[in-house]
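Hello! I am handing over the structure we talked about, so please open it and keep it beside this message while you read. My notes on what was found follow below.

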Amino acid sequence: SVRMQESFPEVKEELHVNSGAIGKQFKQHAPAILAALQKHNFTEIHNQLKARNAYELRLATGNVLLTNDHFTATRSVPAHLVEVPFSNGIVYLDKESSPELEAEGYSREVTRRIQDARKKAGLEKKDLIELHIEAKESLLEMLTTWVEQMKERVNAKEIRLNSLPPGRKHQHRTTEQVKDEIFSLHFDRVQ
């Protein structure tokens with residue numbers, strides 16, 4: 001699933017002062033600026049830098065405008081996430097798989113194999129089929145929640161899931177494998 005959000009709690013952002021850049025630009029005022037920054041809330045500074053690309057620091061001697069060049073931002077991304085920046089933000093992809101995600105992946109791959117088998121059998125998209133999927137219980141359990149979507153995608157009147165071969169011979173039969181799961185597709189065109 002895809003979620004849009006302003007922040008991602010698992011990703012920790014830190015802001016560090018670039019004292020070299022501050023020293024280079026502000027010379028003799030740099031020590032006062034660095035001392036004053038230590039007393040400020042870095043979250044507030046970071047938010048203002050993101051919003052306005054600048055942070056106004058108030059000193060007794062006057063205000064100083066600091067920019068992104070005066071800071072270094074770092075992000076700590078947990079190992080199970082991949083970070084991909086793009087022009088409008090950052091996308092985080094979770095590399096960990098869940099049983100639900102695995103089941104969806106198998107259902108999509110089995111659906112693709114059914115569509116390929118239909119094509120090889122000379123069927124057109126509009127042709128309705130009756131389908132029997134013979135597989136081990138592990139695969140059948142994963143497919144159970146996806147049967148209705150699969151029926152729509154492969155234009156099947158009925159899909160029967162079973163660990164045994166069908167009780168009758170069908171016009172078309174193929175055996176397929178996805179990862180370690182071997183399954184057979186038995187189907188007929190509905191007249």
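This is a predicted model: local features need pLDDT of at least 70, side-chain atom pairs count only at pLDDT 80 or more; totals for chains, interfaces and linings use all residues.

Let's start with one side chain. Phe 86 sits in strand β5.

Which residues make up the nonpolar surface patch? They are Val 82, Val 84, Phe 86, Val 91 and Leu 93, and together they form a patch of about 410 Å². At least two of its residues come from β5 (81-86), and at least two come from β6 (89-94). The biggest giver is β5, with three residues.

Next, have a look at the open sheet. Its four strands follow the order β8-β7-β10-β9, and the pairing is mixed. The edges are taken by β8 (156-162) and β9 (172-178); each has a single partner strand, so one side of each has no neighbour in the sheet. On average, neighbouring strands of this sheet are turned by 20 degrees against each other, direction ignored.

As a reminder, strands of a sheet pair through backbone hydrogen bonds, either parallel or antiparallel. In this sheet, β9 pairs with strand β10 (residues 181-189) in the antiparallel sense, over seven bridges. You can find one of the contacts by looking at Val 178, whose bridge partner in β10 is Glu 181.

Helix α5 (residues 137-144) packs on it and touches β7 (129-135), β8 and β10. The direction of α5 makes about 135 degrees with that of β7. Helix α6 (residues 147-154) lies across β7 and β8, and runs at about 135 degrees to β8.

There is also a hairpin to trace. It joins β2 to β3 through two residues. How many bridges join strand β2 (residues 54-59) to strand β3 (residues 62-67)? There are six, and the two strands run antiparallel.

Last, go to the segment before β1 (12-17), where you will find Ser 7. Is Ser 7 buried or exposed? Ser 7 counts as exposed, because its relative accessibility is 52% and the cut-off for exposed is over 50%. Ser 7 and Ile 90 are 83 residues apart in sequence, yet 9.8 Å apart in space, C-alpha to C-alpha.

Enjoy exploring, and write back with any questions!

Key. Residues are numbered from 1 along each chain as its sequence is written. Side-chain values use heavy atoms; hydrogens and water are left out. Patches are made of residues with over 30% relative accessible area and no salt bridge: like charges are joined within 9 Å, nonpolar side chains (Val, Leu, Ile, Met, Phe, Trp, Tyr) within 5 Å. Accessible areas come from the Shrake-Rupley method with a 1.4 Å probe; for residues, only the protein chains shown count as cover. A salt bridge is a side-chain nitrogen of Lys or Arg within 4 Å of a carboxyl oxygen of Asp or Glu. Two strands pair if DSSP finds at least two bridges between them. Axes are lines fitted to C-alpha atoms, for helices over the stretch in contact, and angles run from 0 to 180 degrees between N-to-C directions. Contact means heavy atoms within 4.5 Å. Buried means under 20% relative accessible area, exposed over 50%, partly exposed in between (1.4 Å probe, protein chains only).
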